[in-house]
There are 2 protein chains.
Amino acid sequence: MKQVKVFLTEDEIPKQWYNIQADLPDPLQPPIHPATGEPIGPDALAPVFPMNLIEQEVSQERWINIPDEVMEKYLLWRPTPLYRAYELEKALGTPARIYYKNEGVSPPGSHKPNTAVAQAYYNKAFGIKRMTTETGAGQWGSALSFATCLFGLECKVYMVRISYDQKPYRRLMMNCWNANCIASPSKNTNAGRKILEENPDSPGSLGIAISEAIEDAVTSKDTRYSLGSVLNHVLMHQTIIGLEAKKQLEKLGEKKVDVVCGCAGGGSNFSGLAFPFVLDKINGAEITIVPSEPTSCPTMTRAPFSYDFGDTAETTPLLPMYTLGHKFIPPPIHAGGLRYHGIAPLISQCIVEGLIEPRAYNQLGAYEAAVLWARTEGFISAPETSHAICTVIEEAKKAKEEGKEKVILLNWSGHGLMDLTGYDAYFSGKLVDYPLPEEEMRQSLEAIEGLPKPKKMKGGKEI
Amino acid sequence: MKQVKVFLTEDEIPKQWYNIQADLPDPLQPPIHPATGEPIGPDALAPVFPMNLIEQEVSQERWINIPDEVMEKYLLWRPTPLYRAYELEKALGTPARIYYKNEGVSPPGSHKPNTAVAQAYYNKAFGIKRMTTETGAGQWGSALSFATCLFGLECKVYMVRISYDQKPYRRLMMNCWNANCIASPSKNTNAGRKILEENPDSPGSLGIAISEAIEDAVTSKDTRYSLGSVLNHVLMHQTIIGLEAKKQLEKLGEKKVDVVCGCAGGGSNFSGLAFPFVLDKINGAEITIVPSEPTSCPTMTRAPFSYDFGDTAETTPLLPMYTLGHKFIPPPIHAGGLRYHGIAPLISQCIVEGLIEPRAYNQLGAYEAAVLWARTEGFISAPETSHAICTVIEEAKKAKEEGKEKVILLNWSGHGLMDLTGYDAYFSGKLVDYPLPEEEMRQSLEAIEGLPKPKKMKGGKEI
């Protein structure tokens, strides 16, 4: 009998997160204050995040210990299994060996609790009683609800209106974990009311929801805000995925990985799998590392590298990232987690350095890939994840054409059981593609025209 | 760090199913023909099931080998983890050690594929091209869709109308696996049309849906019917759960289990965990083994032991079982999988022999238990499963009162991510209990008044 999956025992789980900041050839450009243009210090973030997480955000330590209290909760679903996708390989007739990390086994069904649990712990340790956040597809909101529930904190989730309407079960999940979830833009905040005045039917966006959640946090007692992606510490908490995968591949005797892929909205699940392999690449290994995104929100593949706000209401510091501009309202694709206007600064820097190679896929193709996946591997994928499956299939077909063995590693970041309306649209032929028109992108980029441009540093030189 | 869960490696997975028929103190009373009252032979079932499964149905062999082709598919999610429910124990302040098998990790999210995959394999091996079935909550229909998809068979699912309406995502899951799912009663069959003429707004029932699926199977080419519970071979396929659990408990050094529990609609998930422990009890071990059911459909706790039809349209042979009568229309509780009018003959015989002790719970109490579970153990339970969690909590509290250590083992049969409307009703205070009124039960039992009564055999004597 062929071995389909590898588990680690609980005592084999990695005890530290990997911080890629220690190894980037060129350091991140600092976040800067929008008014002064000067780098901001940790204190400026104190009303938004607890200081212990701010310290992680700027840390240059390569390895950060995972606290026992976090590990205890991780063990509710970690280590996650590493699968060999034999059935998909067979269907594609490829000589490639395809492996995937199944992050769908967590109670909320995605990779998101890897950082949610860590953030809830650090907030509690800092004396915080209540957390606020935004959510797109709902993966992040349910993960933070789950995590705050485990640590006995209150939780308020601002959910992008279009997803709130498309995915009613998500709110119910959050309620199961005792959280309060409302649609954004809401009348709860100045930021929300302002948007609703301009457009009462606004479908919302992650940028708007972030503005609301931050405003709520900084104006409420013992409350801090939590972001499910984009920031350095968030991406770092996810690296347990890649670190586990390395141990599991080793157990299988796989010495070399050729392709690593994951979908990227803000960038956390991709980074979680990929960063430990980016380190290998920095150290000379030949690996193709691919973050994938939708053509409707082509942050990494078409947008410029610029300083930009993290939110629509311009309340955050400016971050150096590939961005479509903070006023960008993405088309209503079902992959709600891939509709953010920017991409994590750490991922942006990896793109600048040529360490990773972003690709974009259409929505219809992504669903086609997901249906093939369900009918071979059995699991129903989140619509975000299906964009990374496109890369897997592309690379597996290339291996077939070239007649070459190849090891492909995917982060199967979550199941799609809460997102079946997208499959409904696909099956009934109502699904459409929304490749972003040049003119719309141009207009959207006007929002960042006056903002500073970060240096593009590669190999110690500006390019 | 305390160990939260135990995995088996893939080569430690049990290689055989356990057939309790080999060990029952008194053999099952045979199925009989409704017209003649005589025991029916295997041939009478041939239009409905493939002969290889009929042979399993009547086999008296203790151990049946799991074919490699089935094992290969099992490995997509098996072995499933055995968890220690530390967080629930802490919340209850109990000295009991609570363990649960997490069957929710399968692609369809429940224990059901354990038999679905086996049945699809045996049908394919017999040359069958298409399978029909019924589904209540949708767990079974999606499991068979998944299994037939893996083996390249067509699949048609008749889904009980009320669940079809309450749980629209279930149909979409089945579509993802290439199956055709329609609401029952339907206009597709004589059985369905007859019910709709009498009551166009019929909410349906498992009994009706079974009639439709059987009619479709026996009147279509290369088609057989598949049942997700009740029958001997179905329960046997599930025993891999209990056999895995025994190995896992052994790894933890647990030598004795005191309480085993699972919910029981037709009885398959309960039997799957419990039968290997029933064998221990037959051999003298002291174990309390509890199948749990809703008070709204109190088959095991209040109904008589009688011969009865498996379906509403009276197309099946008569089976010896505890039954509320085959015309029973259960109240619209959310635990759709627990709304069947009868209970498996093997479970019925175990009740007669005093080997297991059924208990019934109200719907509100079941949701209360499920919410406590979600807020401690993290996972959101299927509404069926929550009935078994009631037993766990009951027994854990008893252990606390008595100040006694105790090992409790639960089959956590599936997640409730497809069933969140029930939680919505619970949170909004709209959920009600439906304990079955005496008068309604009396009326329902009229349907079996003229039917033969099986002997109640215990310890070789009629009781």
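Predicted model: local features only at pLDDT ≥ 70, side-chain atom pairs only at ≥ 80, totals over all residues.
## Two domains in chain A

The domain assignment divides chain A into domain 1, made of residues 5-12, 64-109 and 233-462, and domain 2, made of residues 56-61 and 111-231. The centres of domain 1 of chain A and domain 2 of chain A, taken over C-alpha atoms, are 22 Å apart, and the contact involves 53 residues from domain 1 of chain A and 46 residues from domain 2 of chain A. About 4000 Å² is buried between domain 1 of chain A and domain 2 of chain A, and carbon and sulfur atoms give 63% of that area. Of the area that domain 1 of chain A buries against domain 2 of chain A, 17% is supplied by Pro108(A), His233(A) and Met418(A), which is more than any other three residues supply.

On the side of domain 1 of chain A that touches domain 2 of chain A, at least two residues each come from β3 (63-65), α2 (68-74), α10 (232-237), α11 (240-251) and α12 (268-282) of chain A, and α10(A) gives the most, with five residues. Sorted by class, that side of domain 1 of chain A has 25 nonpolar, 20 polar and eight charged residues. The count of salt bridges between domain 1 of chain A and domain 2 of chain A is one. Elsewhere in the list of charged pairs, Lys167(A) forms a salt bridge with Asp419(A), and the closest N and O atoms of this pair are 2.9 Å apart.

## An enclosed helix

Helix α14 of chain A, residues 345-352, is largely enclosed by the rest of the structure, because eight of its eight residues are buried. These buried residues are Pro345(A), Leu346(A), Ile347(A), Ser348(A), Gln349(A), Cys350(A), Ile351(A) and Val352(A). They pack against the helices α10, α12 and α13 (299-302) and against the strands β12 (305-309), β13 (318-322) and β16 (457-458) of chain A. After α14(A) comes Gly354(A), whose phi is positive, near 75°.

## Where chain A meets chain B

In the contact between the two chains, 52 residues of chain A meet 52 residues of chain B. The area buried between chain A and chain B is about 4300 Å², and carbon and sulfur atoms give 65% of it. Tyr169(A), Cys176(A) and Arg375(A) supply 16% of the area that chain A buries against chain B, more than any other three residues.

Between chain A and chain B there are four salt bridges, and 22 residue pairs are in polar contact, again with both residues at pLDDT 80 or more. The side of chain A that touches chain B receives two or more residues from each of α2, α5 (139-151), α7 (168-176), α15 (363-376) and α17 (420-427) of chain A; α7(A) gives the most, with seven residues. By class, this side of chain A has 29 nonpolar, nine polar and 14 charged residues. A salt bridge also joins the side chains of Lys73(B) and Glu87(A), at 3.4 Å from N to O.

## Salt bridges within the chains

Over all chains, the whole structure holds 54 salt bridges. One of them joins Glu395(A) and Lys398(A) at 3.3 Å from N to O, and both residues lie in helix α16 of chain A, three residues apart, about one turn of the helix. Residues three or four places apart in an α-helix point the same way, because the helix has 3.6 residues a turn. Glu395(A) is buried, with a relative accessible area of 3%, whereas Lys398(A) is partly exposed, at 32%. Leaving aside residues up to four places away in sequence, Glu395(A) touches Val259(A), Arg359(A), Lys406(A) and Ile408(A). A network of salt bridges links Arg359(A), Glu394(A), Glu395(A), Lys398(A) and Lys406(A).

In chain B, the side chains of Arg78(B) and Glu244(B) meet in a salt bridge at 2.9 Å, N to O. This pair links distant parts of the chain, 166 residues apart, with Arg78(B) in the loop between α2 (68-74) and β4 (82-84) of chain B and Glu244(B) in helix α11 (residues 240-251) of chain B. Arg78(B) counts as buried at 0% relative accessibility, and Glu244(B) likewise counts as buried at 0%.

Key: Residues numbered from 1 in each chain as written. Chains lettered and ligands numbered in written order. Heavy atoms only, no water. Domains from an automatic or database assignment. Contact = heavy atoms within 4.5 Å. Buried area = accessible area lost by both parts, 1.4 Å probe. Helix = DSSP H or I, 4+ residues; strand = E, 2+ residues; numbered from the N terminus. Nonpolar A, V, L, I, M, F, W, Y, C, P; charged D, E, K, R; others polar. Buried < 20%, exposed > 50% of the residue type's maximum accessible area, 1.4 Å probe, protein only. Polar contact = N/O pair within 3.5 Å; in protein donor to acceptor, adjacent residues only side chain to side chain.
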